[in-house]
Amino acid sequence: MNFDLTEQQQAVRATFARFCDQRIAPRAAALDEARAYPRELMAELAGLGMFGMRYPEDAGGSGMGLTEFCLALEEVARGSMSLAGAAAMQSLMGTKFLHMLGNRDITERLFRPALRGEKTGAICMTEPNAGSDLGGIATSATKVDGGYLINGQKTWITAAPVADFFTVFARAGEEKKLTIFLVERGFKGLIVGREIHKMGVLALPTSEVAFDNCMVPDSHRLSEEGDGEAHLKKTLAEIRIITGAMGLGVARAALDEAVRYASERKQFGKPIDRFQAIQFKLAEMATELEAATQLVYRAAWLCDAGRPHHKQAAMAKLFATEAAAEICDQAARILASYGYAMEYPVQRYLRDVRFLLIGGGTSEILKLIIAKEVTA
């Protein structure tokens, strides 16, 4: 077995690690405090080609694999989870269905500009009574002359306040099955509602979105009626793997900060990293991070190789995000009072990491998925 990165993968990691150190990390606290969408940094990520990494060259991308994208996203998350979440939305969830299912007009007007950072995309699935349970989605799309009238309420829509277009899951057809639609900002009946105030990921706005007889032309029905869930399942594994990669990034940041602090903080005449209690914490944190890294990148490798990877994706997301939450918590314990102080970044890591435990499937749902695979 060869665990070495290819030259291209090493170059990707080096490029985004440098960008994190020079451009993201120095501004992460200010972004968090301002609660402002990171437009400037998003434009710079677009300039680095991040949003098109997973798409073929003839579509405006660079034709790289999921492994390369995870390497880039991990480094971005090491600097700012808000920016990493925005980049993940723009690179996958917000644009994937346009590439898979959109016509030429949609591709030229929205998809390609999104890869260049000129348009912002979002995806609308979650509803007040439908989170993990896709069967609970109640938003409807009624066929009328020339298109569909969409009615319903969505919530927890990432990047909605700044989005130019929305990929919407609604029930259509005689059997009322999930179908994918494209709704552009400015469509009559689209209402971007109140912003949801969160404990973390403060520079990535989240809000409610409503549809009140929102007229969507036939050309903006992306999937065939009833095919929405099948298309979604093809993407869920990628979402879970990249969520695990974001967990690696914030966990690395927390571990690095804990190591730095423990080497400088002195008690009883010596640095606290000389005490066994602190050494044990650091050892456990480093081991959990290493195990999570292997799970995430093996799942990404399987995906790139076209091999079965849904179980591995669920395992990677489950372990990496739970490990990241534990590592951030232990880092805060090592910093003690300063782990609770706003002047140190650990409190931000501790708040932001909770974001990863929800998106892409809660840990409880992932355990059910893994159990079904194991007992099949």
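**View 1. Helix H4 meets helix H5 in this predicted model.** Phe69, Leu73, Val76, Ala77 and Gly79 supply the H4 side of the contact. Facing them in H5 are Met81, Leu83, Ala84, Ala87, Ala88 and Ser91. The two helices pack at an angle of about 150 degrees, and their axes lie 6 Å apart. Because angles over 145 degrees count as roughly antiparallel, H4 is roughly antiparallel to H5. Nine residues of this contact are nonpolar and two are polar. No charged residue takes part.

**View 2. Helix H8 packs with helix H10.** H8 covers residues 228–264, and H10 covers residues 310–335. Their axes are 8 Å apart, at an angle of about 20 degrees. Angles under 35 degrees count as roughly parallel, so H8 is roughly parallel to H10. The crossing of H8 and H10 is left-handed. Sorted by class, the contact of H8 with H10 holds 19 nonpolar, five polar and four charged residues.

**View 3. Helix H10 also crosses helix H12.** The axes of H10 and H12 come within 9 Å. They cross at roughly 145 degrees, and the crossing is left-handed. From H10, the residues in contact are His310, Lys311, Ala314, Met315, Lys317, Leu318 and Glu322. From H12, they are Ser363, Leu366, Lys367, Ile369, Ile370 and Glu373. Six residues of the contact of H10 with H12 are nonpolar, two are polar and five are charged.

**View 4. The largest pocket has a volume of about 1,400 Å³.** It is lined by 45 residues. Closest to the centre of the largest pocket are Thr126, Ile358, Gly359, Gly360 and Gly361. Several elements give two or more residues to this lining: helix H5 (81–93), strand S3 (147–158), H8, helix H11 (346–352) and helix H12 (363–375). H8 gives the most, with nine residues. The lining of the largest pocket divides into 23 nonpolar, 14 polar and eight charged residues.

View 5. Helix H1 (7–24), helix H4 (66–79) and helix H9 (276–304) each give two or more residues to its lining. H9 gives the most, with six residues. By class, the lining of the second largest pocket holds six nonpolar, five polar and seven charged residues.

Terms used:
Residues are numbered from 1 along each chain as its sequence is written. This is a predicted model: local features need pLDDT of at least 70, side-chain atom pairs count only at pLDDT 80 or more; totals for chains, interfaces and linings use all residues. Side-chain values use heavy atoms; hydrogens and water are left out. Axes are lines fitted to C-alpha atoms, for helices over the stretch in contact, and angles run from 0 to 180 degrees between N-to-C directions. Helices (H or I, at least four residues) and strands (E, at least two) are DSSP runs, numbered from the N terminus. Angles under 35 degrees count as roughly parallel, over 145 as roughly antiparallel, 65 to 115 as roughly perpendicular and the rest as oblique. A crossing is left-handed if the near helix is turned anticlockwise from the far one by less than a right angle, and right-handed if clockwise. Ala, Val, Leu, Ile, Met, Phe, Trp, Tyr, Cys and Pro count as nonpolar, Asp, Glu, Lys and Arg as charged, and the others, Gly among them, as polar. On a 1 Å grid over the protein atoms alone, a cavity is a set of points where a 1.4 Å probe fits but cannot get out, and a pocket is an open set with protein on both sides within 12 Å along at least five of seven lines; lining residues have an atom within 4 Å of a point. Grid points are joined across faces, edges and corners, and a volume is the space filled by probe spheres set on the points. Contact means heavy atoms within 4.5 Å.
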